[in-house]
Amino acid sequence: AEKEPDILVLVGDLVDGNMEEREADAAVMRTFPARMAKIAVTGNHEAYHGPEQSLAFIERSGFRILRAETLEIGGIRIVGVDDDTFAKAAESDTADAGPLLRGLEPGRFTVFLQHKPYPPEAPFDLMLSGHTHGVQIWPGIFATRSLYGFDQGLTVLPEFTGRPRLLNISNGLGFWGPPIRFFTPPDIVRITIKQESRPE
């Protein structure tokens, strides 16, 4: 059961390099199991070899891409935006999360997907990010901590208008640059969201 989640989420940097001749890779990713949905947002690496080919590859891999869009699945609201580098390359305005989140009706548990760990001044319950790759080589974590203000893993953020918020930054599975990891293991994050029981 742990290997087949209800929802499988990718928070960017799935694409690195030319993806036009990578049908075998897309076929493998189409086999990744999920009971209800497979969802992705773009990262900065999706911009480097052309937004169009990156989007096409992610879709061929079996994932629905959220680009400043909202999706409701099983009582959970999922909001995803493009990475700002990707949006600039695509000449789109699909990276601005604040107005999108602030315009949502309250009352739904909201999972916010954004590649870079820059929490907007907006309401959400859980933000999922990546981008840092766990820095790949220790002690680079001190540089990313200085740049972003957060370590990988789960962080309690300041509340927004009284609403508690959490941020989780994943190390991801792959690499950028040299294929090396040193004291920054790859990870797949499993999150269980349970409905709060309230007294009658």
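This is a predicted model: local features need pLDDT of at least 70, side-chain atom pairs count only at pLDDT 80 or more; totals for chains, interfaces and linings use all residues.
A search of the whole structure identified ten salt bridges. In one of the bridges, aspartate 6 pairs with arginine 35, with 3.3 Å between the closest N and O atoms. Because aspartate 6 belongs to the segment before strand 1 and arginine 35 to the loop between helix 1 and strand 2, this pair ties together parts that are 29 residues apart in sequence. Both partners are partly exposed: the relative accessible area is 40% for aspartate 6 and 46% for arginine 35.

Lysine 116 takes part in salt bridges with aspartate 83, at 2.8 Å from N to O, and with aspartate 84, where the closest N and O atoms are 2.5 Å apart. Lysine 116 lies in the loop between strand 6 and strand 7, whereas aspartate 84 is in helix 3, so the bridge between them joins parts 32 residues apart in sequence. Burial is found for lysine 116 and likewise for aspartate 83. The relative accessible area of lysine 116 is 10%, while aspartate 84, at 44%, is classed as partly exposed. Elsewhere, a network of salt bridges links Glu23, Arg30 and Arg60.

The chain contains five helices and nine strands, arranged along the sequence in the pattern β-α-β-α-β-β-β-α-α-β-β-α-β-β. Of its 200 residues, 42% are buried. Among contacts with a separation of 6 or more, 61% are made by residues 24 or more positions apart.

Strand 2 (residues 37-40) is joined to strand 3 by two bridges, and isoleucine 39 stands opposite arginine 64 of strand 3.

Helix 2 (residues 51-60) has the buried residues Pro51, Gln53, Ser54, Leu55, Phe57 and Ile58. The elements covering these residues include strand 2 and strand 3 as well as helix 1 (23-30) and helix 3 (84-89). Just beyond the end of helix 2, glycine 62 adopts a positive phi of about 95°.

The count of aromatic pairs comes to one. Phenylalanine 112 and phenylalanine 124 have ring centres 5.7 Å apart and planes at 40°, so the pair is classed as tilted. The two residues are twelve residues apart and connect distant parts of the chain, with phenylalanine 112 in strand 6 (residues 109-113) and phenylalanine 124 in the loop between strand 6 and strand 7 (126-129). Phenylalanine 112 is buried at a relative accessible area of 0%, and phenylalanine 124 is also buried at 0%.

Phenylalanine 124 is in turn among the residues touched by arginine 165, which is located in strand 9 (residues 163-169). Arginine 165 is buried but has no salt bridge, the nearest side chain of opposite charge being that of glutamate 121, 4.7 Å away. Polar atoms of the arginine 165 side chain instead lie 2.9 Å from the backbone oxygen of proline 120 and 2.9 Å from that of alanine 122. Further residues in contact with arginine 165 include Asp125, Thr155, Val156, Leu157, Pro158, Glu159 and Phe160.

Key:
Residues are numbered from 1 along each chain as its sequence is written. Side-chain values use heavy atoms; hydrogens and water are left out. Helices (H or I, at least four residues) and strands (E, at least two) are DSSP runs, numbered from the N terminus. Buried means under 20% relative accessible area, exposed over 50%, partly exposed in between (1.4 Å probe, protein chains only). Lys and Arg count as positive and Asp and Glu as negative; His and the chain ends are not counted. A salt bridge is a side-chain nitrogen of Lys or Arg within 4 Å of a carboxyl oxygen of Asp or Glu. A polar contact is a pair of N or O atoms within 3.5 Å; within protein, one must be able to donate a hydrogen and the other to accept it, and residues adjacent in sequence count only if both atoms are side-chain atoms. Contact means heavy atoms within 4.5 Å. Two strands pair if DSSP finds at least two bridges between them. Rings of Phe, Tyr and Trp (its six-membered ring) pair if their centres lie within 6.5 Å; planes under 30 degrees apart count as stacked, over 60 as edge-to-face and the rest as tilted. Lists of a residue's contacts leave out its neighbours within four places in sequence.
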